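Good morning, and thank you for the time on today's agenda. Please look at the sequence and the model on the screen, and I shall then go through the structure part by part.

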Amino acid sequence: MDTISLKIPITIKAKLTDKLRARIVSELTDSLKRVEMELSQLDIQERQVLAEQGHNDIQRIQAIRAHFDGERQQRVDFRKDTEKRLEDTNHLAPGAEIVQGQLERIVDVKIGDNIRELMNVEILVEDDKVVAIRS
């Protein structure tokens, strides 16, 4: 066998423009609003479930509280992470390259190919247009 097909990752980067910054800030702000609503909803649901249980089964009440505390903590952690990302986005300089994600491509690799060149490929995008393909 002289060749083999491999799935190789491609890093997608975006050049930070005012348009991209506005989109990212909008998405992060929407996420923060959504998580705040979810936290409020969790409080309401917890009160309803606890009211339905009464005060008879202490273990059941503790289990319910533990469940809601876990759900609440996940959302609080998400909120902290999102707030940090929002702060980081606001401090980035125009033109900064930020990673947007990864895609895969299929490459035929043959004996003698430089695998490092094949693996280190990235696409640079500016306002949704490809401006560079780097290896």
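Let me begin with a convention on charge: Lys and Arg count as positive and Asp and Glu as negative, while His and the chain ends are not counted. The place of a charge is taken as NZ of Lys, CZ of Arg, CG of Asp or CD of Glu. With that convention, the chain carries 22 positive and 26 negative side chains, and the centres of these two sets are 2 Å apart.

A word on the source. This is a predicted model, in which local features need pLDDT of at least 70 and side-chain atom pairs count only at pLDDT 80 or more, whereas totals for chains, interfaces and linings use all residues. Residues are numbered from 1 along each chain as its sequence is written, and side-chain values use heavy atoms, with hydrogens and water left out.

I turn to the overall architecture. Helices (H or I, at least four residues) and strands (E, at least two) are DSSP runs, numbered from the N terminus. By that reading, the chain contains three helices and four strands, and their order along the sequence is β-α-α-β-α-β-β.

How does the radius of gyration of the chain stand against that of a compact globule of 135 residues? The globule would come near 14 Å, but the chain has 24 Å. Here the radius is taken over C-alpha atoms, and the globule rule is 2.2 Å times the number of residues to the power 0.38. The C-alpha trace spans about 75 × 45 × 20 Å along its principal axes.

As for the surface, accessible areas come from the Shrake-Rupley method with a 1.4 Å probe, and for residues only the protein chains shown count as cover. The accessible surface of the chain is about 9800 Å², and carbon and sulfur atoms hold 50% of it. A residue is called buried under 20% relative accessible area, exposed over 50%, and partly exposed in between. Buried residues are 27% of the 135 in the chain.

Contact means heavy atoms within 4.5 Å. Among contacts in the chain with a separation of 6 or more, 78% are between residues 24 or more positions apart.

Let us now consider the strands, where two of them pair if DSSP finds at least two bridges between them. Strand β1, residues 3–15, runs antiparallel to β2, and 13 bridges join the two. One of the facing pairs is Ile-12 with Gly-101 in β2. With strand β3, residues 121–126, β1 pairs in the parallel sense over five bridges. In that pairing, Ala-14 stands opposite Val-125, and Thr-11 has Glu-122 as its bridge partner.

Is β3 largely enclosed or open? Five of its six residues are buried, so β3 is largely enclosed by the rest of the structure.

β3 also pairs with β4, in the antiparallel sense and over five bridges; Glu-126 has Lys-129 of β4 as its bridge partner. The hairpin of β3 and β4 has two residues between the strands. Asp-127, in the loop between β3 and β4, has a positive phi of about 50° although it is not a glycine. Because its relative accessibility is 33%, Asp-127 counts as partly exposed. Asp-128 is found in that loop between β3 and β4, and its phi is near 70°, a positive value in a residue other than glycine. At 61% relative accessibility, Asp-128 counts as exposed.

Why does Val-99 count as exposed? Because its relative accessibility is 56%. Leaving aside neighbours within four places in sequence, Val-99 is in contact with Thr-11, Ile-12 and Lys-13. Val-99 and Ala-14 are 85 residues apart in sequence, yet their C-alpha atoms are 6.4 Å apart in space.

Asp-108 is also found in β2, and it counts as exposed at 55% relative accessibility. Not counting residues up to four places away in sequence, Asp-108 touches Ile-4, Ser-5 and Asp-113. Asp-108 and Asp-81 are 27 residues apart along the chain, with 39 Å between their C-alpha atoms.

That concludes the presentation, and I thank you for your attention.

Key. Buried < 20%, exposed > 50% of the residue type's maximum accessible area, 1.4 Å probe, protein only.
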